[in-house]
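Student: I have a protein model to read and would like to go through it step by step. Can we work by question and answer?

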Amino acid sequence: MAVKKSNDKHHNQVEGEAEPLLEYVCLYAKTTIHIKYKDFNGELPITIVENSRPNLLGVEWFKPLGLSIEGIHEIHRDELDTILEEFKEVFDGKLGKFVGRPISFNLDKGITPIRLKPRRVPFALRPKVDEQLDKLIAQGVLEPIDHASWETPIVTPLKHDGSVRICADYRCTINKALAQSAYPVPVVQHLLHSLGSGSIFTKLDLAQAYQQLPVDEKTAEAQTIVTHRGAFKCNRLQFGVSAAPGIFQSMMERLLQGVPGVVPYFDDVLVSDDDASCPVSSADVAVHTQKDPTLRQVKSWILRGWPSEKTEERFSPFTRKQKELSTIKGCLLWGDRVLIPSTLQRRTLETLHKGHPGIVRMKALARSYVWWPAMDRDIEQWVSRCDPCQEVRPAPPQSEVAKWETPSNPWSRIHIDFAGPMQGRHLLIVVDAFSKWLEVVPMASTTTEATTRALRRLFATHGLPDVLVLDNGPQLTSLAMESFLAGLGIRHALSAPYSLAGNGQAERMVRLTKEALTKMRRLRSPLDRL
């Protein structure tokens with residue numbers, strides 16, 4: 001075996017670095033040796049290293065020794081695929097079922113139940129109608145029965161894909177015995193405005209939306225449909241029932257209440273967000289936690305045990321909470337709140353202050369998700385340095401103001417006032433003293449006649465109040481206004497002259513409305529242009 005001496009020195013120093021990361025690897029020689037292993041018999045190259053280090057073999061040795069590099073080292077999945085996998089029961093194509101209390105109808109007992117004969121189905125549509133009936137039976141929506149006290153014929157409108165939808169003409173039957181739903185139908189313009197701050201939008205369409213809500217036994221029999229194949233009891237809420245839209249909308253709003261950027265509109269769920277990426281992700285927190293020497297030490301203590309001797313002052317906030325701290329996926333948690341490293345605290349404060357909430361609201365948001373030492377102080381300083389928040393901040397009251405008596409019912413006492421002009425229009429501000437419900441009515445003028453017209457519309461929606469509190473504006477103290485309120489049996493209460501705090505409920509809502517419009521003045525989103 002011929003050995004050739006080599007003077008090569010190999011190391012992993014990167015160009016521009018002051019020192020190599022590892023020691024030099026000195027090569028003694030490069031040669032070939034004869035190898036006989038199983039079925040292989042031949043010459044293979046080898047590199048001999050000095051200082052009793054392991055010698056180096058090349059890739060030429062893999063096949064003779066039966067070695068191979070194969071398999072998957074790491075898989076990067078699309079974020080959408082991850083969501084679909086995590087919530088696969090939602091996207092499996094099966095009909096969902098609401099797990100709450102079944103829907104119940106309150107039918108007018110004074111109306112005699114109506115039973116109608118089935119309508120004829122064209123022979124060309126019968127296969128499609130039978131297919132849909134079999135599908136609904138398999139889903140548990142329909143159940144065959146002999147007869148019922150209410151029987152409604154079906155109608156079969158065609159969809160865009162050529163299939164048919166099984167609907168019932170409940171106008172002829174139970175709709176006559178059902179009271180109209182009192183739940184207000186949402187206004188599309190209001191929904192779009194609530195999503196106006198977003199830059200990314202999507203829509204989720206609920207499959208067979210109403211039929212995901214189960215009904216009780218009496219309601220199922222009242223919804224019975226009759227077809228060319230007989231009668232079927234409907235165990236789920238059906239399309240065509242006059243009360244169904246209000247029932248479904250109210251339930252969706254209760255379920256999605258408090259979810260930011262999400263607005264339900266019947267069987268559609270509108271979603272908006274400022275950006276597709278999360279401002280602070282768990283991966284970011286894990287990386288920055290490892291880089292922070294204080295948090296890295298705290299993480300080590302959580303995993304290996306806390307020291308018995310006294311620690312440095314910078315560890316005091318964590319030592320006091322040591323029994324409540326935990327770690328998961330490289331992140332530190334205090335209870336269910338994520339501990340944010342100092343390098344990410346500014347980005348977190350920017351996210352919390354979107355929409356310019358005040359100190360109290362911002363603290364409440366932060367305490368729901370994150371924590372770090374002196375977080376409350378940082379929030380107070382952040383809001384105090386925010387120019388838009390300070391520009392609309394009110395002056396402190398000069399003296400104690402007498403409080404109004406708390407009403408016992410909603411819409412019992414309401415306060416009204418005018419704001420503006422803003423963009424050439426005045427705003428009539430109406431607030432309920434019990435629930436703090438706010439109504440804002442844009443008005444072209446503030447005359448007594450225009451004010452009474454606006455109040456009539458509000459009273460038609462919410463009912464008549466007992467007391468109406470107004471300031472001493474001429475249009476609110478005129479004889480026509482007093483006659484209008486007296487005719488409706490509403491007591492006319494005036495606030496103290498030259499004292500804005502006397503009508504504090506309305507004045508507070510005027511300020512809130514102006515602040516909101518001022519902060520949103522610079523918004524320019526696709527929905528604003530709509």
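**Salt bridges, cores and a helix**

Tutor: R171 has a relative accessible area of 63%, so R171 is exposed. Keep in mind that this is a predicted model.

Student: How far apart are the N and O atoms in the salt bridge of D376 and R367?
Tutor: D376 is partly exposed, with a relative accessible area of 27%. R367 is also partly exposed, at 40%. Their side chains meet in a salt bridge, and the N to O distance is 2.7 Å.

Student: How many salt bridges are found in the whole structure?
Tutor: Another of them joins D378 and R377, at 3.6 Å from N to O. D378 is buried at 15%, while R377 is partly exposed at 49%. A search of the whole structure gives a count of 13.

Student: K299 is buried yet has no salt bridge; which side chain of opposite charge is nearest?
Tutor: K299 lies in helix 8, residues 293-304. Beyond its neighbours within four places in sequence, K299 is in contact with Q290, T327, G330 and L332. A salt bridge needs the nitrogen within 4 Å of a carboxyl oxygen. The nearest side chain of opposite charge is 12 Å away, and it belongs to D292.

Student: Which elements do the buried residues of helix 15 pack against?
Tutor: In helix 15, residues 479-488, the buried residues are M481, F484 and L485. Seen down the helix axis, they fall within an arc of 90 degrees, so they line one face. On the other side, L479, A486 and G487 are exposed. The buried residues pack against helix 14, strand 21 and strand 22.

Student: Why can residues at separate places in a helix point the same way?
Tutor: What matters is the number of residues in a turn of an α-helix. Residues three or four places apart point the same way because the helix has 3.6 residues a turn.

Student: Which element gives the most residues to the largest nonpolar core?
Tutor: This core has 39 residues, and among those that touch the most other members are F105, L142 and I225. Helix 3, helix 5, strand 11 and helix 6 each give two or more residues to this core. The most, five residues, come from helix 6.

Student: How many residues are in the second, separate core?
Tutor: Its members include W411, I414, L428 and A450.

Student: What is phi of K329, a residue other than glycine?
Tutor: K329 is found in the loop between strand 14 and strand 15. At 77% relative accessibility, K329 counts as exposed. Its phi is positive, near 55 degrees.

Student: What is phi of A374?
Tutor: A374 lies in the loop between strand 17 and helix 12. A374 is partly exposed, with a relative accessible area of 36%. Phi of A374 is positive too, near 60 degrees.

Terms used:
Residues are numbered from 1 along each chain as its sequence is written. This is a predicted model: local features need pLDDT of at least 70, side-chain atom pairs count only at pLDDT 80 or more; totals for chains, interfaces and linings use all residues. Side-chain values use heavy atoms; hydrogens and water are left out. Helices (H or I, at least four residues) and strands (E, at least two) are DSSP runs, numbered from the N terminus. Buried means under 20% relative accessible area, exposed over 50%, partly exposed in between (1.4 Å probe, protein chains only). Lys and Arg count as positive and Asp and Glu as negative; His and the chain ends are not counted. Contact means heavy atoms within 4.5 Å. The arc is that of the directions from the helix axis to the C-beta atoms. A nonpolar core is a set of buried Ala, Val, Leu, Ile, Met, Phe, Trp, Tyr and Cys residues joined through side-chain atoms within 4.5 Å.
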